[in-house]
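Subject: Handing over a structure

Hello,

Here is the structure I promised to pass on to you. Have a look at it first, and then read on for what turned up.

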Amino acid sequence: MGINADQKVAGVLIPVFALRREGDLKIGDTLAFKDAVDFCSRNKIAVLQTLPINETSGDNSPYNAISSMAVEPVLLSMEPNMVPGLTSQDLQKARESVVKLNDSIIDYRSIKVVKLNLLISAHKRLRSSSSEFKNELKEFEAFKAENASWLEPYSLFRALMELNGGSPVWTEWSEDIRSYESARKWSKSCAEREKCVELQDLYSYIQWVGDTQWRAVKEHADKLNVRIMGDIPFGVSRYSSDVWHNQELFDLELSGGAPPEPVFHGDEFTKRWGQNWGIPLYRWDVHRKEDFQWWRRRISRLMDHFHDFRIDHVLGFFRVYAFPWTPD
């Protein structure tokens, strides 16, 4: 189902994390989002929009993701039939562990740990029971091959994050892993080589599970004639796999933000100087030379999971307010 400019349609915006369903792990997930699609279909709502679903860092902000390509694991459903290698016993233990969590807020730190542990267990079982999961492993390997251009640097970035205490601030990592090419060489001969390979496979597996679930959401929406709309932040986090992998595409000397706001401001700094978001600016001359391939890949990846999208702060394509320093 397409929508032309002359049509009048109704739509709703719902963040995935805000949805709830019976049996979830105290946060919205892909199954809850399917329920939202059902709601839209029943009520003749044509468009279901959501916030970015990219993987976040410690601040849990969907607009400060550590990858413009990878999906957020905490938003995945942990049903065994949706996570190859997971058992019902694993899920039951996880449900028991989150019972005491506060229902009025989302305890991201606790829930992320619970879901990551489930995904680690599922990944180990998948790899150790290859005969049982022969078809799933074939699909996993096909996913890795098809998405290698972004998945290989992302999974290495995630592995290095783990080896650096979970920090994505790659500018503070050791010199030999501050760029993708040097990190690849390092990973082939370092003392942690085996651990690094295992972590890369784990984070590739998590993205395969995520890709499968979000494609299923889109297919479900197709059947019910509901269009789902994604969201692309204009900027990307300075401390993301994108910037670490493609440093030549970004101006790391400047930080994008918003100009001073004499009326709507929260503090004196914002009133006088504006908001410093810390995002690097784009080196458009370099993007142009490569025919904007990075942007093309980013949008193509988003369209794997959504029918439409908005660009947050689209004005940034035309003019950007910037600071000559990064925020503290």
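Is Cys40 buried or exposed? Cys40 is buried, with a relative accessible area of 0% (buried means under 20% relative accessible area, exposed over 50% and partly exposed in between, with a 1.4 Å probe and protein chains only).

Before the rest, some background. This is a predicted model, in which local features need pLDDT of at least 70 and side-chain atom pairs count only at pLDDT 80 or more, while totals for chains, interfaces and linings use all residues. Residues are numbered from 1 along each chain as its sequence is written, and side-chain values use heavy atoms, with hydrogens and water left out.

Cysteines

The structure holds zero disulfides, a disulfide being a pair of cysteine sulfur atoms within 2.5 Å. Take Cys196, which is buried at a relative accessible area of 0%. The closest cysteine sulfur to its own is in Cys190, and at 5.6 Å that is too far for a bond.

Pockets

A pocket here is found on a 1 Å grid over the protein atoms alone: it is an open set of points where a 1.4 Å probe fits, with protein on both sides within 12 Å along at least five of seven lines, and its lining residues have an atom within 4 Å of a point. Grid points are joined across faces, edges and corners, and a volume is the space filled by probe spheres set on the points.

The largest pocket has a volume of about 590 Å³. Its lining has 23 residues, and Thr56, Ser57, Lys112, Leu116 and Arg158 lie nearest the centre. Helix H3 (108-128), helix H5 (148-163) and helix H7 (193-223) each supply at least two of the lining residues (helices are DSSP runs of H or I with at least four residues, strands are runs of E with at least two, and both are numbered from the N terminus). H3 gives the largest share, seven residues. By type, the lining divides into eleven nonpolar, five polar and seven charged residues; Ala, Val, Leu, Ile, Met, Phe, Trp, Tyr, Cys and Pro count as nonpolar, Asp, Glu, Lys and Arg as charged, and the others, Gly among them, as polar.

The second largest pocket has a volume of about 310 Å³. It is lined by 14 residues, with Leu151, Glu152, Ser155, Tyr180 and Gln200 nearest its centre. Two or more lining residues come from each of helix H4 (134-146), H5, helix H6 (180-189) and H7. This lining is made up of five nonpolar, four polar and five charged residues.

Helix H7 and its surroundings

H7 has 31 residues and reaches 45 Å from its first C-alpha to its last, close to the 45 Å expected at 1.5 Å a residue (the expected span is 1.5 Å times one less than the number of residues). Asp201 lies in this helix and is buried, with a relative accessible area of 13%. Not counting residues up to four places away in sequence, Asp201 touches His123, Arg127, Phe140 and Lys144, where contact means heavy atoms within 4.5 Å. Lys144 is 57 residues from Asp201 along the chain, and their C-alpha atoms are separated by 9.3 Å.

Two loop residues

Asn225 sits in the loop between H7 and strand E3 (227-233). Its phi is near 60°, a positive value in a residue other than glycine, and Asn225 is partly exposed at 46% relative accessible area. Lys44 also has a phi near 60°. Lys44 belongs to the loop between helix H1 (30-42) and strand E2 (47-49), and counts as exposed at 72% relative accessibility.

Best wishes
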